[in-house]
Amino acid sequence: MPQNRIMLDVLKGKTVFPPPLWMMRQAGRYLPEYRETRRRAGSFLDLCYDPDLAVEVTLQPIERFGFDASILFSDILVVPHALGRDVRFEEGRGPLLTPITVAEIMALESDVFHVNLEPVYETVRRLRAKLPDETTLIGFCGAPWTVATYMIAGHGTPDQAPARLFAYREPAAFQQLLRVLADHSAAYLIRQIEAGADVVQIFDSWSGVLDDASFDQFCVWPVAEIVRQVRAIHPDVPIIGFPKGAGARYRTYRQKTGVTALGIDWTVPLTAAKDLQRSGAVQGNLDPLRLVAGGKALSDGVEAILKALGDGPLIFNLGHGITPETPIAHVEAMVKLVRSATR
């Protein structure tokens, strides 16, 4: 493993200041070059599955901003798509799927799973060859709970009520779905690591809608299983868990899942983040709307995070993905604020 990728040092528990910096959704619609590549690709899934174009958009923010990490351009829903479910993306509506039934859960197709995902693995191989040596390459997957919510409802909902009701009414089928997703997500991450990913991240965007018992069963257990399976093959590869909205459960999430680092959303108080940092690296947690606003809102947000968390293992990031309306000049300002910071 190269010694000059500073994000890897932080993930080992070291303090680096200024901290390494990247952004969730850093390859995206706020960039004009992304919008042009997306237009050429046709559909969103075509972009995810075309290694030439996926490499192109993954590299765009690295070339423009020189971030310390690059995250594979793909989507969390390629896993159900590779399992034979229909997945499509419509402008203005987001992802759409045919809601899965109990019978279909028991018959999910896995024989061609890795064949279907081979273009993603090829993208990772090409990225590692093209990225600057000092840039950490992050692979990722969606957490089983979050992926399952889309498979059950067929689209995103404000509080994921369809998935919660399904889980209560059909507990055996729901646990089977989580088990299938955990096993295949682990295999997916293992292949990404073998293709060249230095780190993997597990995104659980909807963990904040669950009660205590459901959080433990639907969020913690499946991620712990993914971590166990990945570590059995690649024990030294760092794993970042991002249970958005977990609130007071962040600490037990780290303890029970065994993730290396915690991605924290912008609602986590910095005092709580500091407490979490005592057990290992944290990643975050600037409010993405501070980046949209720019000016004093941005500089105050950056300063507060660096002051609170800069003397421990920190990966500077947003508390969720960058939004399409974010001005490029504000991203440039954020990069400058972080990299010019002094203690």
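Start with the largest pocket of this predicted model: by class, its lining has 19 nonpolar, 12 polar and 9 charged residues. The lining counts 40 residues in total, and the pocket holds about 1300 Å³ of space.

**Centre of the pocket**

Select R25, R29, F44, D75 and F89, which are the lining residues nearest the centre of the largest pocket. Then colour the elements that each supply at least two lining residues: α2 (32-41), β2 (87-90), β3 (94-97) and α8 (144-153). Helix α2 gives the most, with 3 residues.

**Annotated positions**

- Y150 has a relative accessible area of 14%, so it counts as buried. Beyond its neighbours within four places in sequence, show I76, L77, P95, L97, H155, G156 and W206, with which Y150 is in contact.
- S205: move to the loop between β5 and α11 (212-233). Is S205 buried or partly exposed? With a relative accessible area of 24%, S205 is partly exposed. Its contacts, leaving aside neighbours within four places in sequence, are T146, K244 and H320.

**Domain segments**

The unreviewed UniProt entry gives the annotation "domain: Uroporphyrinogen decarboxylase (URO-D)" to residues 20-29 and 138-154. Select residues 20-29: this stretch is 0% helix and 0% strand, and its end C-alpha atoms are 23 Å apart. Now select residues 138-154, where the chain is 59% helix and 29% strand, with 28 Å between the end C-alpha atoms.

**Aromatic rings**

Turn to the aromatic side chains. The count comes to 13 aromatic pairs when ring centres must lie within 6.5 Å. Show F44 and F73, an edge-to-face pair with 5.8 Å from centre to centre and 70 degrees between the planes. F44 sits in helix α3 (residues 44-49), while F73 is in the loop between β1 (69-71) and α5 (78-82); the pair links distant parts of the chain, 29 residues apart. F44 counts as buried because its relative accessibility is 13%, and F73 counts as buried because its value is 7%.

A second pair to show is F203 and F242, also edge-to-face, at 6.3 Å centre to centre and 90 degrees between the planes. F203 lies in strand β5 (residues 199-204) and F242 in strand β6 (residues 239-243), so this pair ties together parts that are 39 residues apart in sequence. Are F203 and F242 buried or exposed? Both F203 and F242 are buried.

Finish by selecting Y34, F44, F73 and F89 together, since they are the members of one aromatic cluster. F44 and F89 bring the tour back to the largest pocket, as they are among the lining residues nearest its centre.

Methods:
Residues numbered from 1 in each chain as written. Predicted model: local features only at pLDDT ≥ 70, side-chain atom pairs only at ≥ 80, totals over all residues. Heavy atoms only, no water. Phe/Tyr/Trp six-rings, centres within 6.5 Å; stacked < 30°, edge-to-face > 60°. Helix = DSSP H or I, 4+ residues; strand = E, 2+ residues; numbered from the N terminus. Buried < 20%, exposed > 50% of the residue type's maximum accessible area, 1.4 Å probe, protein only. 1 Å grid on protein atoms, 1.4 Å probe; cavity = no way out; pocket = protein on both sides within 12 Å on 5 of 7 lines; lining within 4 Å. Points joined across faces, edges and corners; volume = space filled by probe spheres on them. Nonpolar A, V, L, I, M, F, W, Y, C, P; charged D, E, K, R; others polar. Contact = heavy atoms within 4.5 Å. UniProt positions renumbered as here; feature names shortened; annotations may be inferred.
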